[in-house]
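Biologist: I would like to learn how to read a sheet and its surroundings in a model. Could you take me through one, step by step?

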Amino acid sequence: MPILDRFNLTGRRALITGGSRGLGLEMARALGEAGAEVVISGSNAEHLHKACEDLCSEDLHVTSVQADLSKPEEAERLSDVVLNEHAPIDILINNVGGRRINTPTEDLALEDWQRILDLNLTQAFILTKRIGAAMIPRKWGRIINISSINALWPGKAMRGRSYETSKGALTMFTKAVAADWAVHGITVNAIAPGPFLTDANKRWIGEKPAFEGEVADSIPMGRWGRPEEIGPLALYLASDASSYMTGSVLVIDGGKLLW
Ligand SMILES: NC(=O)c1ccc[n+]([C@@H]2O[C@H](COP(=O)([O-])OP(=O)(O)OC[C@H]3O[C@@H](n4cnc5c(N)ncnc54)[C@H](OP(=O)(O)O)[C@@H]3O)[C@@H](O)[C@H]2O)c1
């Protein structure tokens, strides 16, 4: 097969959680441009509407389902809606997550710890279990978990260590399920991004403007990642191009972990 054809997703359908903004939106665009039908989810109806409008105006095939994935029961409901109305799903990108809080461990309330674990980990487990199980009889599937370099390294700049913990667990969940489901033709890989200039980080920069330059200076390439730079990597993992890769954690960070 010609090399570029291995990246072609015509006839494939993808679910991308948190596909309305940031990295998720750019991964939806990348997979859509490669020919996939894409279902995006998010908690905010206006953001979803705008993302669908923008992507459809680019002639991409995109629909959306609203669900607040900070709540496990909403992840169950999203699975039901997707399996009933949008099946079969060939590619699942568990992208929703975030730090949200900057509280030192000694002050962290149990409910905040649990909330961040649910946001980064529990919903990804539920979606992998439900949507991934439906891939097993079809003997082909791609699951991509959006982890973080903070799964491998506790960042110096910020607290809220429930984030590092949950991304670390998501990374090991990736490897364990990859081992179990390799026999079914399903690959499970993780992407570990470094700092990308998305709304989530713009919020932190809004609180502390010096953060933007400090982070850029800490990266060998001297700049933040641009959200669209994650698209080609997601496409690789979503397509036949990555047929011999499973259980891997691919770092994309401008060299941040080198220093
Ligand atoms: N940006 C980075 O530098 C960076 C670095 C390492 C890892 N990551 C990881 O990459 C992923 C995406 O990050 P991002 O920076 O692109 O985030 P973002 O700009 O905040 O976008 C997050 C997306 O997730 C959706 N979302 C947020 N909370 C949600 C909830 N409770 N339920 C459902 N959807 C929700 C948002 O939609 P609504 O607001 O409309 O719900 C949006 O579509 C996260 O897992 C993050 O931890 C990011």
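This is a predicted model: local features need pLDDT of at least 70, side-chain atom pairs count only at pLDDT 80 or more; totals for chains, interfaces and linings use all residues.

Biologist: How many bridges join strand S4 to strand S5, and do they run parallel or antiparallel?

Modeller: Strands of a sheet pair through backbone hydrogen bonds, either parallel or antiparallel. Here strand S4 (residues 91–94) and strand S5 (residues 141–146) run parallel and are joined by 4 bridges.

Biologist: What is the order of the strands in the open sheet?

Modeller: The order is S3-S2-S1-S4-S5-S6-S7, an open sheet of 7 strands with parallel pairing. Strand S3 (61–66) and strand S7 (249–252) each have a single partner strand, so they stand at the edges, with one side of each left without a neighbour in the sheet. On average, and with direction ignored, neighbouring strands of this sheet are turned by 20 degrees against each other.

Biologist: Which strands does helix H3 lie across, and which does helix H4 touch?

Modeller: Helix H3 (residues 72–85) lies across strand S1 (13–17), strand S2 (37–42) and S3, and runs at about 145 degrees to S3. Helix H4 (residues 110–135), which packs on the sheet, touches S1, S4, S5 and strand S6 (186–193), and its direction makes about 175 degrees with that of S4.

Biologist: Which residues come nearest to the ligand?

Modeller: Gly18, Gly22, Ser43, Asn44 and Gly97 come nearest, of the 27 residues around the ligand. The shell divides into 8 nonpolar, 16 polar and 3 charged residues, and helix H1 (22–33) and helix H6 (199–207) each supply at least two of its residues.

Conventions:
Residues are numbered from 1 along each chain as its sequence is written. Two strands pair if DSSP finds at least two bridges between them. Axes are lines fitted to C-alpha atoms, for helices over the stretch in contact, and angles run from 0 to 180 degrees between N-to-C directions. Two residues are in contact if their C-beta atoms, placed from the backbone, lie within 7 Å. A residue is near a molecule or strand if its C-beta atom, placed from the backbone, lies within 6 Å of it. Ala, Val, Leu, Ile, Met, Phe, Trp, Tyr, Cys and Pro count as nonpolar, Asp, Glu, Lys and Arg as charged, and the others, Gly among them, as polar.
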